[in-house]
Amino acid sequence: MKIIEERFYELGVVPVVVLDDAKDALPLAEALIEGGLPCAEVTFRTEAAEESIRLMSEKYPDMLVGAGTVLTKEQVDRAVGAGAKFIVSPGFDGEIVDYCLEKDIPVFPGCITPSEVAQAVKRGLKVVKFFPAEQAGGIAMIKAMAAPYTMVKFMPTGGISAKNLKDYLDFSKIVCCGGSWMVKGDLIKAGDFARIRELTKEAAELARSIRS
C-alpha cells in the first residue's frame with residue numbers, strides 16, 4: 001500500500017477513466033504514459049471496465065492501473081483478477097474495505113465525514129478518497145477533517161481541474177487528486193488520443209510545478 005501511495009504522490013494527479021469500449025484501452029494507456037501520467041483509475045461503471053483493466057495491465061505492467069467505483073466484493077475479485085493494483089470506492093463500505101484488507105489489496109474508500117474517516121482509522125487506513133470533492137466542501141472541508149485526524153491523508157476527486165488543482169496540492173495532507181479533465185469521454189469517443197496526451201502532459205507538468 002505504501003509503495004502505491006508514494007507513486008500517487010509522485011504523480012500528483014490520477015486520471016479517472018470511463019471506458020465504454022475496451023478497444024480504446026490501449027491507445028488511452030499509451031497517451032497517458034507518453035503524457036507523463038502512467039496511471040489510470042478505470043471506473044467499474046461500464047461493461048468494458050474489466051477487459052480494459054486486463055488489456056492495460058498486460059501490455060503495460062509498470063503502469064499503475066486500478067479500479068474505481070467498486071461497489072461489491074464481486075467487483076473487487078473481477079478487478080483484481082484482471083490486474084487492478086488498487087481499489088477505489090465512492091463511499092465508505094466496511095464490507096468492501098475489510099474484504100480488501102483481508103486479501104492485502106490496497107483500498108481507498110470514499111470518506112466525506114469525520115465518522116467515515118474514523119471508520120477508516122479504526123481499520124488502519126492512512127489514505128482515503130474524498131468524493132465528491134468540490135460538492136462536499138472542497139479543500140476547506142478536507143483541512144477541517146485533517147485537523148483532528150492528523151494521521152490521515154486524502155485523495156480528492158470530483159470537480160477538480162487544472163484551475164483548482166493548486167488549491168488541493170498545496171496542502172500537505174493531499175496525496176494526489178483524481179481528475180477526468182484530461183480523459184474526457186468525448187475525446188475518448190472521438191479517438192482524439194493526441195489531445196488526451198497533450199492534456200495529460202499539461203496536467204503532469206502542472207502537478208510537478210506546484211509541488212517543486
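In the predicted model, helix H2 contacts helix H3 through Ala-25, Leu-26, Leu-28 and Ala-29, which meet Ser-52, Leu-55, Met-56 and Lys-59 of H3. Sorted by class, this contact comprises six nonpolar residues, one polar residue and one charged residue. Two packed helices are described by the angle between their axes and the distance between the axes. For H2 (residues 25-35) and H3 (residues 49-59), the angle is about 50° and the axes lie 9 Å apart. The two helices are therefore oblique to each other, and H2 passes H3 in a right-handed crossing.

Thr-200 is located in helix H10, which spans residues 193-211. Thr-200 has a relative accessible area of 0% and is therefore buried. Leaving aside residues up to four places away in sequence, Thr-200 touches Ala-31, Leu-32, Gly-35, Gly-36, Leu-37 and Met-182.

Most residues other than glycine have a negative phi, and most peptide bonds are trans. A cis peptide bond, with omega of about -5°, joins Phe-131 and Pro-132. Pro-132 belongs to the loop between strand E6 (127-130) and helix H7 (138-146).

Thr-69 sits in the loop between strand E3 (64-68) and helix H4 (73-82), whereas Asp-104 is in the loop between helix H5 (94-102) and strand E5 (107-109). Thr-69 counts as buried because its relative accessibility is 16%, under the 20% cut-off. Asp-104, by contrast, is exposed, with a relative accessible area of 69%.

Technical notes:
Residues are numbered from 1 along each chain as its sequence is written. This is a predicted model: local features need pLDDT of at least 70, side-chain atom pairs count only at pLDDT 80 or more; totals for chains, interfaces and linings use all residues. Side-chain values use heavy atoms; hydrogens and water are left out. Axes are lines fitted to C-alpha atoms, for helices over the stretch in contact, and angles run from 0 to 180 degrees between N-to-C directions. Helices (H or I, at least four residues) and strands (E, at least two) are DSSP runs, numbered from the N terminus. Angles under 35 degrees count as roughly parallel, over 145 as roughly antiparallel, 65 to 115 as roughly perpendicular and the rest as oblique. A crossing is left-handed if the near helix is turned anticlockwise from the far one by less than a right angle, and right-handed if clockwise. Contact means heavy atoms within 4.5 Å. Ala, Val, Leu, Ile, Met, Phe, Trp, Tyr, Cys and Pro count as nonpolar, Asp, Glu, Lys and Arg as charged, and the others, Gly among them, as polar. Buried means under 20% relative accessible area, exposed over 50%, partly exposed in between (1.4 Å probe, protein chains only).
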